[in-house]
Amino acid sequence: MQSNVSTHGMAVTSHHLASQSAAAVLRDGGSAIEAMVAAAATIAVVYPHMNSLGGDGFWLIVPPEGEPITIDASGAAGSLATLDAYAGLSHIPHRGPRAALTVAGTVSGWDEALKVAKELNGTTLPLARLLEDAIGYAADGAPVTASQAHASADKLAELRDVPGFADTFLVDGQAPATGSRFTQPALAAALQQLVDEGLDSFYRGALAERLAQGMTRLGLPITLTDLHRHRARRRSALTLHHSTGTLWNLGPPTQGLVSLAILGITDQLAPHQTDDAQTIHRIVEATKMAFNLRDAHITDPLHYDMDVQQLLAPASLKQLATQIDDQQAANWGAGKGPGDTVWMGAIDSSGLAVSFIQSIYHEFGSGVVLPDTGIVWQNRGASFSLDPTHLLALAPGKQPFHTLNPAAARLNDGRVMVYGSMGGDGQPQTQAALFTRYVLQRESLQQSITQPRWVLGRTWGQASDSLKVEGRLPNATVTRLKALGHDVELLDDFSEVVGHAGAVVRYTDGLLEGAFDPRSNGSAAGF
């Protein structure tokens with residue numbers, strides 16, 4: 001499999017129709033930001049088990065020159081989501097109305113990103129053009145992917161009785177067949193309403209009122225006032241000064257710290273000089289340390305008083321690197337759990353680059369589809385704790401912890417790279433694998449994604465905390481990992497468990513290269 005190379009624009013997504021939507025906008029003269037809004041809308045329609053208008057999003061925008069711009073488009077817990085409201089429960093449910101407890105922020109992120117596009121370029125394409133494909137696929141239908149069919153069948157028992165789910169996502173009470181035509185007329189109408197009234201209608205317009213009415217009817221702990229209060233926020237990016245260049249990711253409430261810390265720790269250990277087993281071992285050991293940092297510090301930015309950037313200081317990373325034992329795996333506890341997400345990237349002819357993630361957390365999120373909208377709502381609030389003393393304790397107006405973290409890098413040789421993956425705890429691990437293989441070990445971009453991967457802990461569709469490796473990994477490497485003390489679990493040769501990765505690179509001569517994950521339904525589309 002070869003990556004795609006172009007000169008005028010490149011987009012990579014985990015669904016080929018979304019890639020085509022982005023490429024078409026680029027061809028029409030739109031920027032990488034506008035292309036990403038188009039792709040985000042399309043993929044919310046054609047990959048509904050992975051993301052939705054009822055989910056959250058995070059943007060990392062890298063201009064041709066200067067510092068990156070980040071957008072936190074994640075929502076806070078509703079005003080009715082109190083600890084008392086969940087009294088008697090050991091944890092927040094993962095499905096149903098009580099799981100749908102946070103405001104969905106991604107549409108606000110589209111809106112804020114388009115404001116950035118206008119600030120940078122002066123003009124933007126009409127919103128009707130950007131949402132055109134999404135509306136068409138929702139109204140006329142799109143083919144059901146094997147991934148959607150599998151997720152629908154696998155989660156049927158826990159989702160079929162959730163309000164709105166069966167009417168929206170099932171056919172005669174059963175999972176849709178792969179390749180069948182899947183229409184979402186109510187969602188098409190909601191998207192058209194956004195075109196007619198503006199994206200802010202989701203929070204402060206007629207659509208917001210309809211959403212809030214449905215929330216009240218179904219018993220969600222979110223109110224119209226909560227929607228009114230929501231705003232996407234521009235934040236400062238986290239920065240890692242790596243031996244190969246400058247790397248960026250998002251700060252709290254995301255786990256961008258983890259992704260940068262893994263690469264910062266392993267950068268102290270000459271990763272370009274190691275074999276496959278040692279590379280995996282070191283990244284896994286660095287992952288354990290980075291997860292410890294995450295679990296100790298990452299929460300809503302309004303609820304901590306330290307500068308997370310300090311944790312990426314060279315002295316701190318070097319001290320952590322000295323604790324890695326090349327001969328023995330450290331003990332490992334438990335991960336945060338699974339996550340369904342889409343990562344997408346785009347770079348336009350001006351060099352403007354975008355790394356973007358959109359998610360509803362678990363497959364189909366809470367499963368709740370708000371009446372007359374076709375919008376399935378996320379269950380990101382399930383990551384809150386019901387222990388009032390916990391760092392992630394539930395509170396109205398508080399943002400939950402997010403696994404989402406889009407990445408970007410400006411390398412010393414002038415290349416600019418946007419990259420990322422879906423998959424809960426697997427996201428930072430896949431980022432580390434991709435970056436290490438491509439930048440440090442100088443493998444091709446596509447091969448860096450296609451090669452066998454691994455994931456430590458709980459991730460998409462998995463609840464065990466073992467070190468999961470794809471079956472294509474050489475036997476000698478697996479044997480060595482077991483000898484080092486890793487609890488190795490073999491997956492299929494190409495497994496969604498290790499996530500859907502992607503990357504776009506701009507070279508100094510202006511050429512653009514895109515690579516997508518064969519584990520997904522994606523593509524790299526350029527022109």
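**Entry 1: His486**

I began with histidine 486 and listed what it touches: His281, Val284, Glu285, Lys288, Ala329, Leu467 and Leu481, leaving out residues up to four places away in sequence. I note here that the model is predicted. Histidine 486 sits in the loop between helix H18 (475-483) and strand E18 (488-490). Is histidine 486 buried or exposed? Its relative accessible area is 8%, and the cut-off for buried is under 20%, so I count histidine 486 as buried. I also looked for a polar partner and found histidine 281, with a polar contact of 2.8 Å between the two side chains.

**Entry 2: the chain overall**

I counted 18 helices and 21 strands in the chain. Along the principal axes, the C-alpha atoms fill a box of roughly 60 × 55 × 45 Å. I checked the radius of gyration: a compact globule of 527 residues would have one near 24 Å, and the chain has 21 Å, which agrees. Of the 527 residues, 64% count as buried. The chain exposes about 17,700 Å², and carbon and sulfur atoms supply 48% of that area. For contacts with a separation of 6 or more, I find that 74% come from residues 24 or more positions apart.

In soluble globular proteins, nonpolar side chains tend to be buried together. I looked up where that happens here. The largest nonpolar core has 85 residues, and the members touching the most others are Leu53, Trp59, Trp110, Leu131, Phe202 and Trp377. Which helix gives this core its largest share? Helix H2 (residues 32-46) does, with 13 residues. Apart from this core lies another, of 51 residues, and Met289, Leu467, Val488 and Ala503 are among its members.

I took phenylalanine 202 as an example from the largest core. Not counting residues up to four places away in sequence, phenylalanine 202 touches Leu53, Ala104, Val107, Leu194, Leu207, Ala208, Leu211, Leu227, Ile375 and Trp377. Leu53 and Trp377 in that list are also among the core members with the most contacts.

I checked the length of H2. Its 15 residues should span 21 Å at 1.5 Å a residue, and its end C-alpha atoms are 21 Å apart, which agrees. H2 is mostly covered, with 15 of its 15 residues buried.

Why do I call H16 largely enclosed by the rest of the structure? I do so because 15 of its 15 residues are buried. Arginine 442 follows H16 and has a positive phi, near 60 degrees.

**Entry 3: Ser21**

Serine 21 is in helix H1 (residues 16-27). Its relative accessible area is 2%, so I count it as buried. Which side chain makes a polar contact with that of serine 21? It is aspartate 133, at 2.7 Å. Leaving aside neighbours within four places in sequence, I find serine 21 in contact with Ala38, Thr42, Asp133 and Tyr137.

**Entry 4: Gly420**

Glycine 420 is placed in strand E15 (residues 416-421). With 2% relative accessibility, glycine 420 counts as buried. Outside four places in sequence, it touches Trp343, Gln431, His500, Ala501 and Gly502. I also took the C-alpha separation between glycine 420 and phenylalanine 494, which are 74 residues apart along the chain, and got 18 Å.

**Entry 5: backbone exceptions**

Most residues other than glycine have a negative phi, and most peptide bonds are trans. I went through some exceptions. The peptide bond from proline 252 to proline 253 is cis, with omega near 15 degrees. Proline 253 lies in the loop between strand E9 (245-249) and helix H13 (256-266).

Aspartate 172 has a positive phi, near 55 degrees. I located aspartate 172 in the loop between helix H8 (165-169) and strand E6 (181-182). Its relative accessible area is 78%, so I count aspartate 172 as exposed.

Phenylalanine 364 has a positive phi of about 60 degrees. Its loop runs between strand E11 (353-361) and strand E12 (369-370). Is phenylalanine 364 buried or exposed? At 0% relative accessibility, I count phenylalanine 364 as buried.

Technical notes: Residues are numbered from 1 along each chain as its sequence is written. This is a predicted model: local features need pLDDT of at least 70, side-chain atom pairs count only at pLDDT 80 or more; totals for chains, interfaces and linings use all residues. Side-chain values use heavy atoms; hydrogens and water are left out. A nonpolar core is a set of buried Ala, Val, Leu, Ile, Met, Phe, Trp, Tyr and Cys residues joined through side-chain atoms within 4.5 Å. Buried means under 20% relative accessible area, exposed over 50%, partly exposed in between (1.4 Å probe, protein chains only). Helices (H or I, at least four residues) and strands (E, at least two) are DSSP runs, numbered from the N terminus. Contact means heavy atoms within 4.5 Å. A polar contact is a pair of N or O atoms within 3.5 Å; within protein, one must be able to donate a hydrogen and the other to accept it, and residues adjacent in sequence count only if both atoms are side-chain atoms. The expected span of a helix is 1.5 Å times one less than its number of residues. The radius of gyration is taken over C-alpha atoms; the globule rule is 2.2 Å times the number of residues to the power 0.38. Accessible areas come from the Shrake-Rupley method with a 1.4 Å probe; for residues, only the protein chains shown count as cover.
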